[in-house]
Amino acid sequence: MLGKTSVLFWALLDSAIAASNHAPTAVLGSGLVIGTTTVLPSSTATVNKFLSIPYAVTPPKRFLPPEPLVRYDGPVNATQPPPLCIQQNYAHETPAQVAAESEDCLYLNVYAPARPSCKGGRAVMFWIHGGDLTSGTSSAFDGTSFAANQDVVVVTINYRVNVFGFSNAPNLPLESRNVGFLDQRMALAWVQRNIAAFGGDPRKVTIFGESSGASSIDRLLTTMRDDPLPFRAAILQSGQATVSPFPNDGGPTAWKELVSALNCTSSSSGADAAAGEREEFACVQNADAFAIRAILNSAALDFGPVNDNVTQRATPFPDARHAARVPLLIGSNGQEGMNLGPSYGITNFSSVTEPVLDQFLTVITGSEAVAAEVRPLIGEIQAAYPWYNLFEAGAQLYTEVVYQCPAKIVAEASVRDSIPTWRYYYNATIPNLQPEGYPTLGAFHGADLDMVWGTYPAANATEQEIALSAFLQTAWATFAKDPAVCAAAAANYPPIPADLTTPVHQRLAISGPNAVTVGWNTYQQLSQPCVQYGTSPDDLSSQACSTSSVTYPSSRTWSNAVTITGLKPATTYYYKIVSTNSTVDHFMSSRVAGDKTPFTISVVIDMGVYGADGYTIENNPAKRDTIPSIDPSLNHTTIGRLAQTVDDYEFVVHPGDLAYADDWIEKAHNWLDGRNAYQAILETFYNQLAPISARKPYMASPGNHEADCEEVAFAATLCPDGQKNFTDFINRFGRTMPTAFTSTSASDAARANANRARQLANPPFWYSFEYGMVHFVMIDTETDFADAPDAPGGSAGLGSGPFGTYANQQLDFLAADLASVDRTVTPWLVVGGHRPWYTTGGSGCAPCQAAFEPLLYKYGVDLAIFGHVHNSQRFAPVVNNTADPAGMTNPKAPMYIVAGGAGNIEGLSSVGANVSYNRFAYADDFSYATVSFLDTQRMRVDFIRSDDGALLDSSILFKEHDEQFVVQ
């Protein structure tokens, strides 16, 4: 008992010391492991790295099966990569790595997200490296990107290769000769016992590998009979062991040559032959490891695994494949054979002659007979690809015989066995991944590795390369998280630009009488966001800066904001966000309050992401034109129409429901990764919106779809940090929207009310601004009033807010702000909010009506703009559910419109039962509204079809505006 207590004490002490140094630790049954942490530049997630964890007794007894490791001698310092196992002709080694090669190499590496795992633990991806079973190392594969970006635990292992892993020593029992494969099994067993300490779930292990790593996995699939299996899914990249044109049973020839080269040949023979084999074995066991290595390389000795019916079966299988019944993802690359050029030193492919080709085929097929059998296929390949020279045709033959056809055979056999199976085909040529001196190899053998692992050279990566890598890695990880669904099911993030200071999601806002705020996001935090500006694109001599660069836990980006002050009214300014990868854009500064120049605004509400994910664009997928500055797929959407008419309006108001990120669950490919799907939708939407919002002020207020990660009642507690309580909306618009403008009225009471409103404003939820002849107020119909639908206890069950410092702050703000409006300065008074109380489709928001309608009527609001219902509606001026008898000619009641038909994943809402005071309703296609302030007494409201710009409805409201301050 004392011994156990002592061990526990020292484990706890070491753990405490490590914690004080902020180093991650894991307490295993065999002892304490101390790791290190890392953060990728392109990710906000911290990853714990545990390198060089022994998974068996190491160094192992040479040529013998691995032995379980019971307990470490002390805490394991798992901060440095493990030594390579002894290699044979490993082309990628550095001199330092050669010197560090060792038989003390049975180590594995674990990469795990630092944040706590969800209940049950994360999916585990167990990697077996390739290298023809002669070379390779776990250290060539960094699992940081997988762990950071995909929220999985990654394990990479070393195992013995060449003669050290597959000796074929004749004195050993057959089942003990493939010790390299037994190493792999020992590592899998270690994962089952220990991976929970790193946040992984031992029931969720996916084994994956490439080349001989893939063939090792296929051997596990076709030989392991454990119940339960130590894995639940498998990914085979460019390799398998089910079918092969080559013999797969290693023989004793190489062993005899090695024995002879080491001067270990025994003189015993005849009856003493077995004793002689034991003597030779002991001699080779005791020989210097690097002497063995030198012989392997100089004599090119071939040590392969044997058919022991434990770790390897004979191929082709005489019966059915009888593989483990776990989901399978298998595939190959388009030009696997092209890297045979560098492997065999062929630098000039066009110089390969017929005799050279014949010799080449003999080498790669393993025999002259097989080479002669496949030789006629060269002509067929050249007929199909007439631009191929002899080498390229031979390389393609190798690709198809060794990789593509076997992948097809294995996939089809798996399907016949009713195993969920997916097959991929990788055919991307990435310039900065081509080997030095060989720029035209294409999708060669191993070309997919850096793309899957996210370890491509970031410095000169293209956007397409970044996006493809993210897609592949997400597909692999999604398969690992739920193998029975689909490998391609995954959130589709926009690519991260190579320059992380590149501005994205640009947005402007009217933030003061002579001020505009420029907001944008970046994929790294900025110490000092800055904007250069001026009245000429060639003279951006002024600069404004801030220290505002913020993010939240689940976001990949930082939100930046800079306010430009002292602007001349109604003047075109050019601006450039300070970055090494930004361009010049322009905006028109605000019209001064009281300016009677006519102008138009656009009104869009309930607008979600469009495009490739099959969201809103599927309303009309056949329509495609080319429009500069926006994606062609957006042409026939509301964003497309806003782009085409960008010179016709001066700013945009969007009272709620932007992006519809909380509807990620509507698409099956997001089901396994809602956290990332939510963020991906936000990033995609604001990228799509940027051509508009970077040119025109985009004034936003909240809707219910900004509240939480899911539009599901009472599910807010299940949302990850950053995806509840309007977090993204606050982060994105909280520092760009204004509070309330200082009144320019001569009235002391107006100025006092405006000042009070300014103190009570709480942007981006409730605020106001003045522009020319309009005073515009944005309200929050979601929270912060009695029975607010999104508030705790509200009907929507979203549990958000409150955001005011006291219960009635929003309504007090609204009363003070409306009371401050001097109609001799800003004759038009407009209020925008999200939920309507007048609508033809369904019931309106009764708590909203009770809270806001009395104030809107009391202070003579001219127009009230709402959305939430996904169509377009116009109502006659109305109050208390009764139409104003004056109609559109100087009514006392506000005119109400619903502009919720801009388009989103939920589709359009039917018009529903018409009400007596409704004058227009449309739900046939996407649409939005424009409001034109023609003069101090006439305002026009138009509804526009987004597709073609057709005018659907037009009305003019006439107001005398003969009272300086309206109180009714």
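I started with helix α11, residues 354–365. Helices here are DSSP runs of H or I with at least four residues, strands are runs of E with at least two, and both are numbered from the N terminus. α11 has 12 residues and reaches 16 Å from its first C-alpha to its last, close to the 16 Å expected at 1.5 Å a residue. The expected span is 1.5 Å times one less than the number of residues.

Before going on I noted the terms of the model. It is predicted, so local features need pLDDT of at least 70 and side-chain atom pairs pLDDT 80 or more, while totals for chains, interfaces and linings use all residues. Residues are numbered from 1 along each chain as its sequence is written, and side-chain values use heavy atoms, with hydrogens and water left out.

Which residues of α11 are buried? I found Leu-357, Phe-360, Leu-361, Ile-364 and Thr-365. Buried means under 20% relative accessible area, exposed over 50%, and partly exposed in between, with a 1.4 Å probe and protein chains only. These residues lie on the same side of α11 because they cover an arc of only 115 degrees around the axis. The arc is taken from the directions from the helix axis to the C-beta atoms. On the face turned away from the buried side I noted the exposed residues Pro-355 and Gln-359.

Next I looked up what covers the buried residues of α11, and the cover includes α10 (340–343), α12 (368–374), α13 (377–384) and α14 (390–416). Contact means heavy atoms within 4.5 Å.

Most residues other than glycine have a negative phi, and most peptide bonds are trans. The bond from Thr-58 to Pro-59 is cis, with omega near 0 degrees. Pro-59 sits in the loop between β4 (46–54) and β5 (76–77). The bond from Asp-227 to Pro-228 is also cis, with omega near 5 degrees, and Pro-228 is in the loop between α6 (212–223) and β10 (233–237).

Ala-570 is not a glycine, yet its phi is positive, about 50 degrees. I placed Ala-570 in the loop between β18 (558–564) and β19 (572–577), and at 32% relative accessibility it is partly exposed. Asn-890 has a positive phi of about 55 degrees and is not a glycine either. Asn-890 belongs to the loop between β32 (882–883) and β33 (895–899).

Last, I noted the totals: the protein chain has 22 helices and 37 strands, and 60% of its 968 residues count as buried.
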